[in-house]
Amino acid sequence: MSRGSGESGSSVPSAPLISVQDLSNPPGPSSPLQQPDDLISSSPLTDQVTVTADETSPSSTSSFEMIDMEAVPPLCEPVQPHWFYCRRADTKDSWMPFSREDSQKLEQAYLLSGQGEEEVVVPTEGERYDVRLRERRRYAVYWEQAPTEVRRCTWFYKGDKDSRFLPYPEDFSKRLEDAYMIAVTLDEWKRKLDFPTGEMVILHNPKLIMQYQPITQQDEWVSSPSEQTRPRTVKRGLENISVEIPDGEPEKVDHLVFMVHGIGPACDLRFRSIIQCVNDFRSASLSLLNTHFRKAQEEQAIGRVEFLPVNWHSALHGDATGVDEDIQRITLPSISRLRHFTNDTLLDLFFYNSPTYCQTIVDTVASEINCLYLLFLQRHPQFAGTVSVAGHSLGSLILFDLMTNQRTGPGESNGLRGKADTDGPPHDYRSLEEALKRMGLEELIAVFKAEQLDLESLALCSESDLKDLGIPLGPRKKILNFMSRRWILQDLKARSPLLASGQQSSTEGEQASSPAPLEHPFLRPVSTTSAVDYEYFDVGIGQVSISYPQLAFHPQTFFAFGSPIGMFLTVRGLKRIDPSYSFPTCKSFFNIYHPFDPVAYRIEPMIVPDMEIEPMLIPHHKGRKRMHLELKESLTRMSTDLKNNVLGSLRTAWQSFSRLPIAALPPVGEGESNASGLSVQEMEGPKVEEVETTSAAERQTEEQNIKIGMLNGGRRIDYVLQEKPIESFNEYLFAIQSHLCYWESEDTALLVLKEIYEKLGVVLEQPQS
């Protein structure tokens, strides 16, 4: 199954019919015939062109390579192919090799399929991509992406401006291989292959093969290929080029994580999509598994963690909503680039606070997660692991609201509304018949059906419209009142709007720890603005009144990266989160942030407002605190100790200087007073304060054992990354970068892996120094 469309091509033309000339024995009237044409594969292309050139010495161009012929391996061995795929980045194509495991699977399927006409599909890269062999295309499975070209590669070239070797098309490689085998078999070199496009390849020796590009205009006096154009270096086989083959991924998936992006289509400073950023996070996790879980891997006790991106931005800004077109009509023409960035990125924050588009965003996120989950199970029928969710920036707030409004059963309260589905607010009714039955006006169903009215069109009807339909005054008022409150929570009628179960707020001057004296233990007292008839909002807290969809699974853990959840909850009117509150279906929650992230806010102070504790410091993935942080901590401790010692010395000197001479008195016991009424302690003055310093590790252990509510099962919630040394020089300079650093953060990935595998009984190993 594929969710992609489009295609990508190659700049190297396929090989046409070629001619072969032996430059070491130029053809003449008495020269023997060249190799038979049936030894060279032909192409349906025509317009054969033959370029005649004199014998060329390898030293005639700086691009030639001097070869030790004694080190040449056996020549007649068939070339071993490796499969590559094309990847487009910034309008430029680059060829990437498949892992050895994937390449072997493709080669095996290629050999078994032969010349069959049926399409063969081979899953690759952890089954995130399907390769269609006959079509030679690679399709993404879980997200929308243009298909890319795939090649079975045996011959490669590199020009002066190329940084790496690129593969030839398969038919081009086939003809090069045929000519090469002829030269090897007959031990005849300095052979020239001419192409109708003007390209020419010369086989000087087994290890020195060059390709010459055509030129548009050529002077008559030019007589050698080296004087025409700069040549390309040609290599046969993967073992003769420098290329890094990626490691294959374990087939077994232990855990699945869905990752939701924040505002805008780009997720980092390089303007990459959520797909590319999640690919980086997955690569970092695979690398950490090899270094920090090596023993478990060697024992085959673990496989890997799969990370899948969840994209909601394209659905919001697509043609279905039409919001981009509507916004564009009212956008000013000045500073167009900045306004386009604002419309495409920053407005997502406002869209989430709109009842119409908030519903679209939440529905898209939940629907995409459920679809990806079912598709993953379909492709991994043996999967028996659990699932977690992760959100970045606004994506974490979306997931927080979703997690708050999940239900464990059909009779469970519906989170924000606090009511069961059977007794929901008016906006829960999806048809006109249900709404009229709710109002006790079943007799009007036939009247409205005759006028072809539904629930949406009824909302547009005024009182005069209903009067024209012959609706009596009583039913008219009942219908108008029902429609005016359609988007208001039913709890508003009792003047006690509900928050999420376990989240409470207090009026001004009231203690945050005392629950509101209402029917529900976690209700927010009625705001002074509740008399205003806001049409779409949950009055007093600013939370949009929408219907939250349900996920197809119960998440194990919720990871929030650079999250503004704490700020949004505070702005909505929450003073605190009840310590006993936890998500209905998710028992673990981690709030992970960079110390310089301007969008991130803490959660723990909302649960324990009377306790001042530092966030948990995330360990460096190499097993220790960053050196500059240790140095800063040591200098701070040294400064404190020095300050205390200096103050103590000054205090002692001052006491000695200011002490008056007194007559000799008998010794005074501890707690006793002399004749003047002064005790020994008072006479000697206060002792030098002894500052008890505890190490950072001890403080961290003590703070880790503090119980912070049940939102994370009693464990700590706020986790802060360690800034890099260069980031410490200027916090403001790296503020934006700090908000986008999580995708490539190995420390973040290691914390996620540690939490996942701890629940599987697998202990994190210390990295080898």
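**Helix contacts, a cavity and a ring pair**

Me: How do α8 and α9 lie to each other in this structure?
Reply: The model is a predicted one. In it, the axes of helix α8 (residues 355-379) and helix α9 (residues 394-404) cross at roughly 80° and come within 11 Å. Angles from 65 to 115 degrees count as roughly perpendicular. The two helices, α8 and α9, are therefore roughly perpendicular to each other.

Me: How many nonpolar residues has the contact of α8 with α9, by class?
Reply: Helix α8 brings I361, V362, V365, A366 and I369 to the contact, and helix α9 brings I398, L399 and L402. By class, this contact of α8 with α9 has no charged and no polar residues, and its nonpolar residues number eight.

Me: How does α6 lie to α7?
Reply: Helix α6 (residues 323-330) packs with helix α7 (residues 336-352) at an angle of about 110°, and their axes are 12 Å apart. The range from 65 to 115 degrees counts as roughly perpendicular. That angle therefore makes the placing of α6 to α7 roughly perpendicular.

Me: How many polar residues has the contact of α6 with α7, by class?
Reply: From α6 the contact takes V323, I327 and Q328, and from α7 it takes N343, L347 and F351. By class, the contact of α6 with α7 has four nonpolar residues and no charged ones, while its polar residues number two.

Me: What volume has the second largest cavity?
Reply: The structure holds two cavities of 30 Å³ or more. The second largest cavity is lined by F84, W95, R164, F165, I241, S242 and V243. By class, that lining has five nonpolar, one polar and one charged residues. The volume of the second largest cavity is about 40 Å³.

Me: Is the pair of F281 and F561 stacked, edge-to-face or tilted?
Reply: The count of aromatic pairs comes to 24. In the pair of F281 and F561, the ring centres are 6.0 Å apart and the planes are at 35°, so the pair is tilted.

Me: How many residues apart are F281 and F561?
Reply: F281 is in helix α3 (residues 274-292), whereas F561 is in strand β18 (residues 557-561).

Methods: Residues are numbered from 1 along each chain as its sequence is written. This is a predicted model: local features need pLDDT of at least 70, side-chain atom pairs count only at pLDDT 80 or more; totals for chains, interfaces and linings use all residues. Side-chain values use heavy atoms; hydrogens and water are left out. Axes are lines fitted to C-alpha atoms, for helices over the stretch in contact, and angles run from 0 to 180 degrees between N-to-C directions. Helices (H or I, at least four residues) and strands (E, at least two) are DSSP runs, numbered from the N terminus. Angles under 35 degrees count as roughly parallel, over 145 as roughly antiparallel, 65 to 115 as roughly perpendicular and the rest as oblique. Contact means heavy atoms within 4.5 Å. Ala, Val, Leu, Ile, Met, Phe, Trp, Tyr, Cys and Pro count as nonpolar, Asp, Glu, Lys and Arg as charged, and the others, Gly among them, as polar. On a 1 Å grid over the protein atoms alone, a cavity is a set of points where a 1.4 Å probe fits but cannot get out, and a pocket is an open set with protein on both sides within 12 Å along at least five of seven lines; lining residues have an atom within 4 Å of a point. Grid points are joined across faces, edges and corners, and a volume is the space filled by probe spheres set on the points. Rings of Phe, Tyr and Trp (its six-membered ring) pair if their centres lie within 6.5 Å; planes under 30 degrees apart count as stacked, over 60 as edge-to-face and the rest as tilted.
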